[in-house]
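Please have the sequence and the model open while I talk.

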Amino acid sequence: MTDASNVLDRVLVLEMVRVTEAAAIAASTLTGRGDEKAADAAAVDAMRTALNTLYMDGTVVIGEGERDEAPMLFIGEKVGSAIGKGPKIDIALDPLEGTTICATAGPNSLAVLAIAEEGGLLNAPDVYMDKIAVGPGYPEGIIDLDRSPSENVRAVAEAKGVEPKDIMVCVLDRPRHEKIIAELRSIGAGVVLIGDGDVAGVIATTNPDTVIDLYMGAGGAPEGVLAAAALRCVGGQFKGRLLFRNDDERARAAKWGVTDLDKQYDLTELARGDCIFAATGVTDGSLLGGVKRKGRVMTTESVVMRASSGTVRWVKGEHRL
């Protein structure tokens, strides 16, 4: 069990839910409207406003991009009502995970947030990350990015006492994953394709109701850190390796202190020590229900987890307009 953090004790767990609720409600007003940028901007503004009410000296280490790319919640931005005097908190966030999902009213769009003590979250550049994740209950080291998709599936199947054909793997539906998908299907494994939202895809490996055993493929590095924080709280294994397409992306990595460009990160290297993860559904999904409006009342479904206690709280909120 991870030791509890006295610093995080001062930032109440349920305060994190209030932050993700605010972002989800704001984004939900644009669900299905076909405007990704407007939905994302609404979520960003609401999350930033909520964060700035909290007594903390917060630093965004995973955010909406670098200062020249994002007007707010950019990497390095300070948030909170006690900058310079409150507890120092690192923050990883995605105010609207699945912008396309929200714009098209698809499943599994979320507002997500993770916090840790200063230095607890990897300051990952905004590049791609090769990822593989599995839920709790397996021997340590059962997954590895240096193994092929087939080898990873066979290892999990053996540990689970089943055949590869009984394993379900969640993969982002992207052209870059055609070879992975073909290889998985060649050994009989099932493939669950998702259009977006790989944080929800990774977390799904921990939920028996989703029948997903593994997650694999390349997605955003910031989402990898958020997913790792969630797995730290509920169990499971995660491996990530940053992927660089050009010299500009390598320079970004150097800017944020990444020196080993080929390093395979483990769960505890992405999210160290005690951490808290919170998410609120924007649209209905496998993890959470989306925001609903009934007259002058909006309802939300959220989850908040803490690594030190292993506690998972499911929160249903009613918000009167």
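This is a predicted model: local features need pLDDT of at least 70, side-chain atom pairs count only at pLDDT 80 or more; totals for chains, interfaces and linings use all residues.

**Strands, cores and cysteines**

Let me start with strand 4 and strand 11, which pair in the antiparallel sense over seven bridges; strands here are DSSP runs of E of at least two residues, helices are runs of H or I of at least four residues, and both are numbered from the N terminus, while two strands pair if DSSP finds at least two bridges between them. Residues are numbered from 1 along each chain as its sequence is written, and side-chain values use heavy atoms, with hydrogens and water left out.

Within that pairing, Ala114 stands opposite Phe277 of strand 11. On the other pairing of strand 11, with strand 13, the sense is again antiparallel, over five bridges, and there Phe277 stands opposite Met305. Strand 11 covers residues 275-281, and seven of its seven residues are buried, where buried means under 20% relative accessible area, exposed means over 50%, and partly exposed lies in between, with a 1.4 Å probe and protein chains only. Both faces are covered, with Cys275, Phe277, Ala279 and Gly281 buried on one side and Ile276, Ala278 and Thr280 buried on the other.

Strand 13 spans residues 297-306 and includes Arg306. Is Arg306 buried or exposed? At 11% relative accessibility, Arg306 counts as buried, and its side chain makes a polar contact with the side chain of Ser308 at 3.2 Å. A polar contact is a pair of N or O atoms within 3.5 Å; within protein, one must be able to donate a hydrogen and the other to accept it, and residues adjacent in sequence count only if both atoms are side-chain atoms.

Returning to strand 4, residues 110-117, we find seven bridges joining it to strand 3, and these two run antiparallel. Strand 3 also pairs with strand 1, residues 57-62, this time in the parallel sense and over five bridges. Nine of the 10 residues of strand 3, residues 88-97, are buried, so strand 3 is largely enclosed by the rest of the structure.

Now to the domains. The chain is divided into domain 1 (11-119 + 274-320) and domain 2 (128-270), with bounds that come from an automatic or database domain assignment. Their centres, taken over C-alpha atoms, are separated by 23 Å, and 26 residues of domain 1 are in contact with 20 residues of domain 2, contact meaning heavy atoms within 4.5 Å.

Which residues touch the most other members of the largest nonpolar core? Of its 49 residues, they are Val225, Phe238, Leu242, Leu270 and Phe277; a nonpolar core is a set of buried Ala, Val, Leu, Ile, Met, Phe, Trp, Tyr and Cys residues joined through side-chain atoms within 4.5 Å. Helix 8, residues 221-234, gives the largest share of this core, nine residues. Domain 1 and domain 2 both give residues to this core, so it lies between them. Apart from it lies another core, of 35 residues, among them Met16, Ala27, Ile276 and Val315.

What about the cysteines? If we take a disulfide to be a pair of cysteine sulfur atoms within 2.5 Å, the count comes to zero. Cys102 is in no disulfide, and the nearest cysteine sulfur, that of Cys170, is 19 Å away; at 0% relative accessibility, Cys102 counts as buried. The sulfur of Cys275 is 4.3 Å from the closest cysteine sulfur, in Cys233, which is too far for a bond.

I will finish with the backbone. Most residues other than glycine have a negative phi. Asn108, however, has a positive phi near 75°; Asn108 is found in the loop between helix 4 and strand 4 and, at 15% relative accessibility, counts as buried. Val211 also has a positive phi, of about 55°, and lies in the loop between helix 7 and strand 8, but at 52% relative accessibility Val211 counts as exposed.
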